Amino acid sequence: MPGGHSHTHSHDARSTSGAVAVSTLARVGLTLLLVVAAAATVYGLVRYWPGDTQTPNRVGTTDFAAPGVTFPIAEVQETLPVCATPTGGAGDASSGGQAGDGGSAPTCGAITVQLEQPTATSGDVRPVVSVPVPPAVSSSGLREGDTVQLLRTPPQSGQPETYSFLQVQRGAPLSLMLALFLVVVAVVARWRGVLALAGLGFGGLVVVKFMLPALLDGQSGLLVALIGSSAIMFVVLYLAHGLSVRTSTALAGTLFGVGITAGLGLLAVDMARLSGVANDEGATLASFVTTMNPRELLTCAIIVAGLGVLNDVTITQSSAVWELRAAAPSMGRRELFQSGMRIGRDHIASTIYTIVFAYAGAALPVLLLLFLYERPVLEMLQTESLSEEIVRTLASAIGLVLAVPVTTAVAALTVGTAKPSVHPSADVTPSQEVGSELSGPTAADLVRAASGPPPPATRAEARARMTSS
């Protein structure tokens with residue numbers, strides 16, 4: 001029956017795709033390569049794992065302010081509208097009508113809050129104070145019931161304690177978004193998504209426990225990035241995609257891409273004379289941590305920035321070659337590589353858009369600020385902040401593009417050799433077999449049907465025909 005034939009055919013295809021032969025020589029070579037890389041990664045983790053020497057570089061919260069300053073949490077009781085400027089626009093925090101004008105109650109640009117805990121001078125009472133806020137905060141939707149963090153300066157030199165706005169507490173919405181992300185990944189991607197989340201958690205631990213402390217400890221940003229990235233990729237790929245030759249192929253391509261990105265990033269930082277201090281955060285970090293070279297931090301950031309997209313491209317290329325081999329066992333390695341590269345080129349095109357637009361979105365405020373200066377485009381692109389983004393984007397993109405042919409070639413060499421086509425009969429070609437099934441009766445068939453059955457060859461056959469009739 002046609003339905004039963006179709007079911008059998010789909011079952012055979014599934015069986016074939018799950019049983020792709022692997023070249024023994026290529027598998028041994030790939031395994032040795034990854035074993036050496038894993039051993040180097042473990043050695044690097046042990047050798048450069050930060051000890052307790054980085055603790056003097058840690059900066060306490062109170063080191064950013066005068067002695068005795070605290071950072072209490074308060075709940076918003078009332079919000080006032082943004083102060084208007086003489087031209088009718090929104091004013092800044094120093095506009096008239098705000099708190100601090102001779103002790104008068106503010107009429108705009110401020111919020112009234114109640115502290116969650118009493119202070120040293122308020123006894124058992126939770127103080128209620130009014131503090132000015134920037135216009136951007138006033139217009140951000142801040143409302144009654146929200147939680148903010150203040151900066152409290154204790155009484156000194158006969159002056160009373162003062163409060164100023166520090167930031168909005170965003171723990172609740174961020175936790176909600178995180179929970180929603182975890183649920184969506186678990187429901188849609190199921191077990192594979194849960195394993196990917198576990199790999200993401202491991203990557204976060206490597207960054208927090210190894211890479212950041214090692215950078216603070218003054219270690220080479222290049223070595224820290226290579227060791228940390230390799231450790232992350234080993235665990236993430238095998239955990240999310242399983243321990244298989246296919247995953248090992250993608251891992252080899254990923255490590256190659258990381259190496260290319262590292263080399264280009266190091267070269268570009270030196271050639272472009274980038275300092276690694278392109279904004280206030282970089283300058284603050286450089287002033288507090290004297291043991292770390294900002295250029296090393298920039299090199300490390302360039303390498304880590306492209307890990308996610310690079311992993312996506314290499315695992316896709318490896319899977320594509322495996323599926324091509326399962327669907328076409330007779331395809332030669334050259335044809336397999338060419339077919340895989342056709343898929344890879346499409347993936348490269350879409351991924352480059354992803355990288356460029358992601359970095360453009362991150363640097364959009366800088367682009368707008370430089371656009372307001374009405375400076376020539378080429379001159380704007382040479383500023384420190386934009387040059388860093390350009391170097392980071394191009395180094396990651398080049399490493400990604402070169403990883404595609406390498407991964408495809410490794411996968412094409414790793415899968416088994418092509419199998420010759422097998423026909424059901426040596427005397428009948430596939431075209432003849434299909435033709436005999438689809439074509440109608442021939443002239444000889446019609447003549448035999450018109451002349452009746454042939455005469456019986458034996459008496460037994462004659463008696464059998466007489467009995468059946």
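Trainee: Which strand do 5 bridges join to β3?

Mentor: Happy to start there, and keep in mind that this is a predicted model. The pair in question runs antiparallel. One of its bridges sets Ser130 in β3 against Thr112. The strand joined to β3 by 5 bridges covers residues 110-115, and that strand is β2.

Trainee: What is the order of the strands in the open sheet?

Mentor: The sheet has 5 strands, with antiparallel pairing. Its edges are β3 (128-132) and β5 (162-168), each of which pairs on one side only. Neighbouring strands are turned by 45° against each other on average, direction ignored. Reading across the sheet, the order is β3-β2-β1-β4-β5.

Trainee: Which residues form the covered face of β3?

Mentor: As we just saw, β3 is an edge strand. Its uncovered face carries Val128, Ser130 and Pro132. The covered face is made by Val129 and Val131.

Trainee: On to the helices. Are α6 and α9 parallel, antiparallel, perpendicular or oblique to each other?

Mentor: Two packed helices are described by the angle between their axes and the distance between the axes. Here α6 (residues 245-271) and α9 (residues 307-327) have axes 8 Å apart and an angle of about 140°. Roughly antiparallel would need an angle over 145 degrees, and roughly perpendicular runs from 65 to 115. The pair is therefore oblique.

Trainee: In which hand does α6 pass α9?

Mentor: The two helices pack with their axes 8 Å apart. As for the hand, the crossing of α6 past α9 is right-handed.

Trainee: How many of the residues in the contact of α6 with α9 are polar?

Mentor: On the α6 side, the contact includes Thr247, Gly253 and Gly257. The α9 side includes Asn311, Ser318 and Trp322. Across this contact, 7 residues are nonpolar and 2 are charged, while the number of polar ones is 9.

Trainee: Is Thr351 buried or exposed?

Mentor: Thr351 lies in helix α10, residues 333-362. Leaving aside residues up to four places away in sequence, Thr351 touches Val309, Val313 and Leu400. Its relative accessible area is 5%, and the cut-off for buried is under 20%. So Thr351 is buried.

Trainee: Where is Arg190 found?

Mentor: Arg190 is worth a look on account of its backbone: phi is near 55°, a positive value in a residue other than glycine. Arg190 is also exposed, with a relative accessible area of 61%. You will find Arg190 within residues 171-216, in helix α4.

Trainee: And what is the relative accessible area of Arg273?

Mentor: Arg273 sits in the loop between α6 and α7 (280-288). Its phi is near 55°, again a positive value in a residue other than glycine. Arg273 counts as exposed, and its relative accessible area is 61%.

Trainee: To finish with the whole protein, what percentage of its residues count as buried?

Mentor: The protein has 16 helices and 5 strands. Among contacts between residues at least 6 apart in sequence, 71% join residues at least 24 apart. Of the 469 residues, the part that counts as buried is 32%.

Methods: Residues are numbered from 1 along each chain as its sequence is written. This is a predicted model: local features need pLDDT of at least 70, side-chain atom pairs count only at pLDDT 80 or more; totals for chains, interfaces and linings use all residues. Side-chain values use heavy atoms; hydrogens and water are left out. Axes are lines fitted to C-alpha atoms, for helices over the stretch in contact, and angles run from 0 to 180 degrees between N-to-C directions. Helices (H or I, at least four residues) and strands (E, at least two) are DSSP runs, numbered from the N terminus. Angles under 35 degrees count as roughly parallel, over 145 as roughly antiparallel, 65 to 115 as roughly perpendicular and the rest as oblique. A crossing is left-handed if the near helix is turned anticlockwise from the far one by less than a right angle, and right-handed if clockwise. Contact means heavy atoms within 4.5 Å. Ala, Val, Leu, Ile, Met, Phe, Trp, Tyr, Cys and Pro count as nonpolar, Asp, Glu, Lys and Arg as charged, and the others, Gly among them, as polar. Buried means under 20% relative accessible area, exposed over 50%, partly exposed in between (1.4 Å probe, protein chains only). Two strands pair if DSSP finds at least two bridges between them.
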